[in-house]
Each structure stands twice: as structure tokens, then as C-alpha cells.
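Subject: Structure for your files

Hello,

Here is the structure I said I would pass on. My notes follow below it.

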Amino acid sequence: MMDARIHSLERQVQDLTSRLDQSDQRVRHLEEQLAKNSRNSSKPPSSDGFKKPAPKSLRKKGKRKSGGQPGHTGHTLAMADKPEHTEVHRVKECEHCGRSLADQSVEGIEKRQVHDLPPLRLIVTEHQAETKTCACGHLNKAAFPEGVNAPVQYGEGIKAAAVYLKNYQFLPYDRTCELLNDFFGCPMSEGTLCNIITQSHTLAADPVEKIKELIEQAAVAHFDETGSRVDGKLWWLHSASTAQATYYDIHRKRGREAIDDIGILPDFLGRAVHDFWKPYFGYDCLHGLCNAHHLRELIFAHEQHQQDWADHMIDCLLDIKEAVDHAKQSTDLSACNAQAGHLAAEQIQAFEARYQQVLDEGYAQNPLPPLPRNAKKRRGRRKKTKARNLLERLDEHRDEALAFMYDFNVPFDNNQAERDLRMMKVQQKISGMFRTKDGAQAFCRIRSYISTARKNAVGAMDALTRLFSGNPFVPALNTS
């Protein structure tokens, strides 16, 4: 009787201990979620709410003061050499005694200029095609210029302005039409604006296909994705970019199916820089990992879990970055291998040894948990802490994490892709979701065209005007 009672109590203790462990894990998980912000995780700054994390830059303090440096060219409003209009304000009489000065010669002039907009209005150009009957009886009619197809239509400039406001400044349809009416006296309907967007989507097909090919041929390209809503459902907006080209596409899926349908990575032979989203590793190209993500995760591990090795790894990565930046700017051939584009062999070996030393410290602080008694009956991987997972990632993918050290063409982070996606998130905040798949795809194509043009010092309005005039911008260069 007593043995049965003891056995029952032991089972109760085991059950309570198990529940306590589960509760501890849940509390720890919730505390980690509350502790995450844009500074120590991949959460966007908009998720921080009103309690913004205290700024804490990892950059080392420079020697120069903030603000404009000596010799910096200013951008103060300057006087025009040839103003369009001149108004002369004459001295008619003496303000002291009242004597007339109308006939007295001018001794000097003080100039002040006001820069302002001219009256904004549409300029209407009427095209008249003559008709003449020949002596032979044939009726001849002059041809209208190419693109003049309707009795009344909008020109290239107003079409470019409409697309600029809608797809570059992210105004909703109604506000775009309102602005065109208020500024130019152009009462455009939302239906007409939609037709213009559709036309620009069609015209941009060939230039954007060329942009896509340029990214496929690049030595280094950046890849990322972010959530977007189409007709109330979660879709994924994907980006592929270089310093000179940008390509956007939208898909129902986030992983391999979407990447295959978009069609850049399957044929990409360069180095893909990304943020360790596992489907990217399914492709045979070289890879580079975003160390900005690593730094945020290391900050979280150090501050939330008191992982000293994480702080040492932050210092290690930043010191390597500083050495690479210095070597890129240095003319000292001992600092880098100029021909191969990487650090000197001695520096690489020293940093590799330091990197390994930090990993060893991390493994000592994060040993694998012991197998449970019924380990033979359990399936799947052994449960590990987030710090241990981060540690193993930095170990197993050290070549990808340190790719920027071995190849100066590879950046330290994936900020290029994040910058290209940032404006897409701004579009969501201003205009909201896309109503249809066609509208989302049109936006992605037009934005790909505009973003690429701006990366090559071509203004958005200029690029759009060229698109409607039949002379679209296409970067004829080798992207890298």
C-alpha cells in the first residue's frame, strides 16, 4: 500500500516538474518576444511603437565632427544669371524732402531674386492633317504623328506625371487625380489613370526584362522578400538587385516555388547575398550572408541571455569590416591583395583564428543539452537554444558570413536589398494593399524600371517620359 502511494507521489512530482519546465520555457519565450525590437532583431522599426529602443550605434566614433566638413560644396539657393522676368522699382521722389527724382540718373542697383513656379496649366497642341485631291482623282491625307491616335488625348508629359505620382510618390488613385486637377487643371478620372498605368506596364516589359537579365549576369546580387497584401490576402514581394539594377516581383508564395517562378536565382552564377532564408541555399550559386542580421541577433544574445561570446563576435566582425574598408581605400599592397581583391593572407589567417576562438568560447558556454532517458524512442533533432543555433550557423556557414573578407566585391551586409524593399513598405503605409494581382504586378514592373533608372542617375520623370515617347531607359552596362 505504502509503495503504491510513494509511486503515485513520484509520478505527480514528475508531472509537476514537467509542467514547471514547460511554463519556464513559455515564460522565457514570451520574455524574449517582449525584449525584441528593431535594434536586436529583424523586426522593423515600425513595430517598436511609442517605446523606441535607445539608440546604440556599433560604429566607432570618428575623428571628424558631425555636419558639413571643410570644403563641402553647399546647396544654397543661388542667383540666376539670366532671370526670365525683371521688374525695376524706381525711385520717384526723395523720402526726406519730397523732391522729384524722376529725371535724375541712376547711381546703383540692388538686386533680389524670387524663385517661383509659373502658372501651371496644360498646353494643348492641335494637330491638323490636310486632305488634297489629286488631278487623277485620288484623295490624299497627311499622316498624324506617331502616338496621336485619338481626337483628344493626354500627352507624354502628363502621363509621366500621373505614373510618377502614383508609382513613385505612392499616392492613391483618388489623391493622384485630385493633385493633377489642382495643379494642372487636369480633371483625370481614376479609370483613365488606371489605363495609363496599364499602358506604362506594357511599355516597360522589354526594359524590365533587360534589367532582369543584367541581374542574372551580375557577379554579386542581393535578394530579399517582404510581406504584401493583395485583395486582402498575404502575398510576398520579392526583390533582386545590384547597385545599378532593381527587379521586383510579387507571388503568393515566399519560398522555392516563388523563386523558381520569378526566374533569376535558378540561372544565377554569381554570389547571392541574403539573410539566411533557407530556400536560397537550394541554388548552386555562391552565397553571402547579411552580417547586419548577425549583429542584431548577437546583440540580443548578449543583452538578453548574457552570452559573452556574442559580444566578442560583434567586435570580431566589426574589426574585420574596418580592416576591409581600410584595405579598399589603401594603396599599401601589404594591406591587401590588389589583384585578387581580398585581405592579405596574414590578416586573413589572424582573423580566421580569432573567429574560431570566439566560436570555441561560445560552444563552451552553450553545450548541447543531455539526451533524455527515452532518447532512443524520440525522433527529430535535439532541441537547442537560440544562442546555440546562432553559434552553429556562424560556424557551419563561416565562408558565407566572412565572404566580404575573401572577396572585396561582396558587401558586409544585405542593406542594398533592404534599401530597395524599404520604399515598397512605404507604399503599403501610404496606399494600403493592392486590389488585384494585375495591379500589384504592374506596380512591381514600373517600380523596377524607375528604381533602376535612378540608380543610373536618370530622374524618375525623365525615365517615364522616355518610356511613353518610345525611347525607354535601359542600362547598357555590366552590373556588379
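A contact here means heavy atoms within 4.5 Å, and angles run from 0 to 180 degrees between N-to-C directions. With that in hand, please keep in mind that this is a predicted model.

Overall content

The chain has 480 residues, of which 35% count as buried. It holds 15 helices and nine strands. Among contacts with a separation of 6 or more, 62% are between residues 24 or more positions apart.

The sheet

Five strands make up an open sheet with mixed pairing, in the order S5-S4-S3-S6-S7. Its edges are strand S5 (246-251) and strand S7 (286-289), each of which pairs on one side only. On average, and with direction ignored, neighbouring strands in this sheet are turned by 25 degrees against each other.

At the S5 end, strand S4 (residues 233-241) runs antiparallel to S5, and six bridges join the two. Within this part of the sheet, Ser 239 stands opposite Tyr 248 in S5.

Helices on the sheet

Which strands does helix H5 lie across? Helix H5 (residues 205-216) lies across strand S3 (220-230), S4 and S5, and it runs at about 105 degrees to S5. Helix H14 (residues 437-455) also packs on the sheet and touches S3, S4 and S5. The direction of H14 makes about 170 degrees with that of S5.

The cavity

In general, rolling a probe the size of a water molecule over the atoms shows where empty space is left. In this model there is one cavity of 30 Å³ or more. The largest cavity contains about 110 Å³ of space.

Which element gives the most to the lining of the largest cavity? The answer is S4, with three residues. S3, S4 and helix H6 (256-262) each supply at least two residues of this lining.

The residues that line the largest cavity are Phe 223, Asp 224, His 238, Ser 239, Ala 240, Tyr 247, Ile 259, Ile 262, Ile 264, Leu 265 and Tyr 280. By type, the lining divides into eight nonpolar residues, two polar and one charged. Ser 239, then, lines the largest cavity and also stands opposite Tyr 248 in S5.

Regards

Definitions and conventions:
Residues numbered from 1 in each chain as written. Predicted model: local features only at pLDDT ≥ 70, side-chain atom pairs only at ≥ 80, totals over all residues. Heavy atoms only, no water. Pairing = 2+ DSSP bridges. Helix = DSSP H or I, 4+ residues; strand = E, 2+ residues; numbered from the N terminus. 1 Å grid on protein atoms, 1.4 Å probe; cavity = no way out; pocket = protein on both sides within 12 Å on 5 of 7 lines; lining within 4 Å. Points joined across faces, edges and corners; volume = space filled by probe spheres on them. Nonpolar A, V, L, I, M, F, W, Y, C, P; charged D, E, K, R; others polar. Buried < 20%, exposed > 50% of the residue type's maximum accessible area, 1.4 Å probe, protein only.
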